[in-house]
Each structure stands twice: as C-alpha cells, then as structure tokens.
Amino acid sequence: MQAFKQINGLVAPLDRANVDTDAIIPKQFLKSIKRAGFGPNAFDEWRYLDHGEPGMDNSKRKINPDFVLNQPRYQGASVLLTRENFGCGSSREHAPWALEDYGFKVVIAPSYADIFYNNCFKNGMLPIILSPSIVDTLFTQVDASAGYQLDVNLETQTVTTPGGEVYAFEVDAFRKHCLMNGLDDIGLTMQQQDKIKLFEQKHQLAQPWLFN
Amino acid sequence: MAKTLYEKLFDAHVVHEENGTALIYIDRHLVHEVTSPQAFEGLKLANRKLWRAASILAVPDHNVPTTDRSAGVAGISDPISRLQVQTLDENCATYGVTEFKMNDARQGIVHVIGPEQGATLPGMTVVCGDSHTSTHGAFGALAHGIGTSEVEHVMATQCLVQKRSKTLQVLVEGELGLGVTAKDVALAIIGKIGTAGGNGFAIEFAGSAIRGLSMEGRMTLCNMAIEAGARAGMIAVDEITIDYVKGRPFSPKAELWSAAVAYWRTLHSDPDAKFDTIVSLNAADIQPQVTWGTSPEMVVGIDGRVPSLDMAKNEVQRADWERAYAYMGLEANTAINAINIDKVFIGSCTNSRIEDLRAAAAVAKGKHIAPNIKLALVVPGSGLVKAQAESEGLDKIFIAAGFEWREPGCSMCLAMNADRLEAGERCASTSNRNFEGRQGQGGRTHLVSPQMAAAAALAGHFVDVRTFN
C-alpha cells in the first residue's frame, strides 16, 4: 500500500448527503476480477449521459455537463468534499478503489458509513471527519474561489485552508501509523501468528463444534 | 461485570488488544464471486496460504442467471459475469475451499445458505465480503460485512483488526399487527433513526416483539441493520434459535450438541448490562411500510403520503428529498396507495426464505397480477428453498397468478445479472436498498414486505395488505 503523509490538493465539492456505494461505483463494474481501472466509472450514472457497461471506451461517451466533477475547474482534484454518511450501502471495496483510481487521496465529510471508512485506510486514502459547520464553510469557500486547494497533513492531523485557517481532525493512532508508513495489515498481523495459534487452540478446546 | 451480548461475543474472540485496537478471531468466512477474486489474487501474489480453509464456505450468487441453467457456467451469457463465476470455481478448487457451485442443489444467496446449512451458529464471528452479513447476527453471532482487503486478511490470518463498536439496543415491545412483518419493523426502525443512526454501533434488537419473531423474521431484521448504518445487528439466543439450528448439515451432533447448547444459552445481554444508546418502538404502532424515496430512511406507512419539504429536518435533508422526488417521479403529498407500479421483485437476502414465499403465495393464491404489471419475479433464496416451495405447490400458485418462478440468486436486488429495471420503471421490491440505479439505471425502487409486494402485484399499485381482499 502507498504511504500517505501530506498533500496540497485541489478540492472538488459533491454537495449531497448519503452518497451510497452504488452511486460511487455502479454494480455492473463489480464484475471485474481486478483491483484497478475503476476510476473512469466512478459516479458513472451521474457522470455520463448514457448507460455505462464494462468494456466501453469511456473517452467516447457523452459526459453530463451538469455533474460537478465534470466542470473544468475541478479537473485534477485530489480532495473530495462531501456531506454526511458518505459511502453508505454495500461493503464493496470497489468504491474506494474507484475514488482512488480517479485521483482522490482525501475525502472530507461530516460522517461516513463504517465499512467504507474502514476500506479507505486499506487503500492509502484518508477519510477526514470535520464538523458540519466547518464542512459548510469549506463548501462556501470552494464555490467562491477557482483553484481552491487544501493542505492536508496526516502527521499533524490538520487541514489548512488557503486563507490560513487550520482545522484539526481525529484519526485512530493505529490506522494513522499504517497509512503514514504504507504498512500491509496482513504482514503486521502475521507477526502475531503465535498468539493466533495459541488462541485457536484454546478456542477449539472451549468450542470444539466450531472446528468440525 | 454485566455485559451486553455484543461484548460477550467480542470478548470471546479477542486474540490480542492494545490501545483500543483488537485482533479478533473469525470462526466462519462466507465467500462469493464478486468480492473474493482480488483477495485470492492477493494471496497468490504474496505466496500466502489460507489459515483455515475449513472455515470458508463459498457460493456464487450475485452474477448467476435466474433463468435456465442447464448449460452450466458456460451458459452464462455475459462473458464478464461468466469469468467471475469461473474464477470463484477455480480459486475454490486451488485452495481447497468448500463451494456450492451454481448447479448444486444447495446453491443460493450466501446469507440464505449459511443459516440453512447450519454453517452459521450462535456465538460465532461471521464475516463475508458483503454488507448484508449482518443477517447472521440473528443467531446471537457477531457478524458483519468486510471489504476485499479484509477478506484477504481473514483468509491469510483468520483474524480481523477491529475497534470495539458502541452498543445500541433497539427495543420493540408489544405485538405486531396482522400483516405486519419483520421487514416492516426493520423499515420502521430505519425511518426512526435514519440510515446513519447506527453508524459506529452494533445493534441488539430486543423486546417481546423481537422474541416473537421466527428465525427467518429475525434474519430479515438483522439483514437490514446495515441499512440503519450498523455493521452488525444481533438478537439473543433462545429456544427458537436452538430449534432452528438443530439437525442442520454443519450443526454440531451428539455430545457436542449438548455442550454447544449449554454455551449458547449464555448468549444474551445480562439484565443490568449498559448500552450506550437505547431506542424504543411500540410494535402495535408499526404499519406495513413502503419506501417512497432513494434511501431506506425515506419510508412511511401504507396509509401515509410522500412527505412535503416543510417536514424536512434541515437543509441537507430538504435537498436530499428534492432530488428523491425528481428521481422517483413523485410529488410531495402523493398518497402511497395511489402509486402505480410496473414490476415486482420478491427475493433477495432480506426476503427470499420459505416463510416469505409462503406469505406472498397466500396473498396471490387464486388471483392474478394486474394488467399494468410488466413483470413479477419470484426468486427463491436457495435451491433448497425452491425445492421446499415446490413441494408445497407455491410455484404453481405464483405461476397461475402470473408471476415468474426463477432459479436462486441475488437477481434484481442489485441487478448484476440480467434481471433489472429499465429507466423510469417502478418496482415493488422485497430487497433492501432503494438507492438510485440500484435495480437498474433510472429504475425506481419501493421497498416492502413480501405480502405487500404480492398485494401490489395484484392491485397494480400499493395497497394495504391488511384490508386487501
């Protein structure tokens, strides 16, 4: 996994609450057996005017000019600003894969669905929680100035606006450590394999029916 | 110290815990074709093995056709779907994983077959790369959906890295009215607390109305815990749980059975256990529910109307509702029973078990779907549910009433296979999500119980099943 420490990134505003994983990556693209390549189909139903299917040449499809991410001023954005309960719905990791492949490294919202939030960290993406009023302020600022960028620093756990306002955010210490160092969870857990084996033996004695 | 059911289950599986992060042991890993290929590939690339292959049960369900399967996997017309199912078959063969293949009589939706086989047992930790894994919490198990990275993690280490959730008790006391089902309870709860109401929580459903539910009703309820934002939903073990589990293929036998039952009887919250939050509902107040919008929280009783903007609690919700009106092609204050539908879907991991099919068939018996209904699908949750339904003659009732009787799978719940809505079509669906595009791009989904779906199919519009003749 790629490490994440700090970025200064263009912000794209997606002013909707409860954006679900079906919207982030529609199910027809889940048929792929690969991890990569979902970016061109992120938000497919909002982004294009036609119906998308796997295997289509997305560069030839008609884009929806009304969809915010299609506006020229937001091209190259790496920070997604959005509303509460982002990523609700299914556990599909294809959702953070699609966002990451699109170019987002950071999502900022007042809240997230639990599984989506967790999945982001496994893919080198940082989901930041800021209060609804700060998120409101950021939406206003993004709208008001083209090329609006935020400085996101995981080490200091801060988001800094172009005007110099600094907003602190919380992140679990273990997730922060893994993200900053690009650590592979499986490798870390394998270091505890003696403990796992010991637990498994005890567990089997206590509940042998689980091991039939 | 007094513990909640969640705390008992979590504590019983902690391998190691440090600074609020725990490594917990996973007893059962359910696998399907959509969220597993990248995990198997990851194992292969890192040259890792499965920690305990016997903990895994695999089945293809999301992509499989519900029509004729006599040509086997080779007969799946969409080549990308076919490859995904073939990939699961190959991975299971390579890694020695038990799989119920597409044409196995036991094949079905992963959350239907786990309990049906006794592969889901009380006290277990159960995971699957699918958010509706919360279903299995109905057995007094700790069960939740995981992403593909975690699927790979569990395959390689038999463990998950977890933080403890907060605990939410949802108490439903009293008796449900006739024609009011577990689905209506689930939707009423989501209507009350919202789709983010359970974020960060594990929900325990309790109270006399919950204890009165069958195991299948309890699965329906726990299935939709995720639609309230909670990864895990659960219900204490009682005699109904134990009776259901007894004698199933993977259930413990002989002397192990009595030892297991003795342990399972401890799987309930202690009387003075403390929950972080408690929410109460009165069972008698719950009506048959119908969603009107694009989120399961946009729901009202069958007597209700599409709410107007002045009822929205804030600007964000107002904007949400305005988009939902437009997408759903509905106006504020429209009476729910005046909404006409085009298609009906009875199925999904929420409502495709035998009791669901019996309830829908009881409504449909001797009648016919309305002329405006283009398609009414009944998709059993598993091959065994299908066989049981056929032995009771339910298939004949449905077919005579104009429904199509299909092969088991996820089908039009998420429309990954050929079963889908066309743009603008309106569907009464027994599934779990009414998100934009969920059942097909531009499709309009209204979530209801199986009885309500069957009644809507006959009437051509939503109708109160309690008074529908």
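Predicted model: local features only at pLDDT ≥ 70, side-chain atom pairs only at ≥ 80, totals over all residues.

Trainee: Then why does B:Gly229 count as buried?

Mentor: Its relative accessibility is 6%, and the limit is 20%, so B:Gly229 counts as buried. It sits in the loop between α8 (215-223) and β11 (232-234) of chain B.

Trainee: What does B:Gly229 touch, leaving out residues up to four places away in sequence?

Mentor: A:Asp114 from chain A, plus B:Thr195, B:Gly198 and B:Asn199. Contact here means heavy atoms within 4.5 Å.

Trainee: And how far apart are B:Gly229 and B:Lys246?

Mentor: They are 17 residues apart in sequence, and their C-alpha atoms are 32 Å apart in space.

Trainee: Next one: what makes the phi of A:Gln157 worth a remark?

Mentor: Phi is positive there, about 55°, although A:Gln157 is not a glycine. You'll find this residue in the loop between β5 (149-153) and β6 (158-160) of chain A.

Trainee: Is A:Gln157 buried or exposed?

Mentor: Buried: its relative accessibility is 18%, and the label applies under 20%, so A:Gln157 qualifies.

Trainee: Which residue of chain B has a positive phi without being a glycine?

Mentor: B:Ala415, with phi near 55°. That residue lies in the loop between β17 (404-405) and β18 (426-429) of chain B.

Trainee: Now the empty space. How do you know where it is left?

Mentor: You roll a probe the size of a water molecule over the atoms. To be a cavity, a set of points must hold a 1.4 Å probe that cannot get out. Searching the whole structure turns up four cavities of 30 Å³ or more.

Trainee: What volume does the largest cavity have, and which residues are closest to its centre?

Mentor: About 220 Å³. Of its 22 lining residues, B:His62, B:Asp130, B:His132, B:Leu414 and B:Arg438 are closest to the centre. The lining splits into seven nonpolar, eleven polar and four charged residues.

Trainee: How much space lies in the second largest cavity?

Mentor: About 190 Å³. Its lining has 15 residues, and the closest to the centre are A:Ala17, A:Asn18, A:Asp20, B:Thr294 and B:Asp320. By class, that lining has six nonpolar, four polar and five charged residues.

Notes. Residues numbered from 1 in each chain as written. Chains lettered and ligands numbered in written order. Heavy atoms only, no water. 1 Å grid on protein atoms, 1.4 Å probe; cavity = no way out; pocket = protein on both sides within 12 Å on 5 of 7 lines; lining within 4 Å. Points joined across faces, edges and corners; volume = space filled by probe spheres on them. Nonpolar A, V, L, I, M, F, W, Y, C, P; charged D, E, K, R; others polar. Helix = DSSP H or I, 4+ residues; strand = E, 2+ residues; numbered from the N terminus. Buried < 20%, exposed > 50% of the residue type's maximum accessible area, 1.4 Å probe, protein only.
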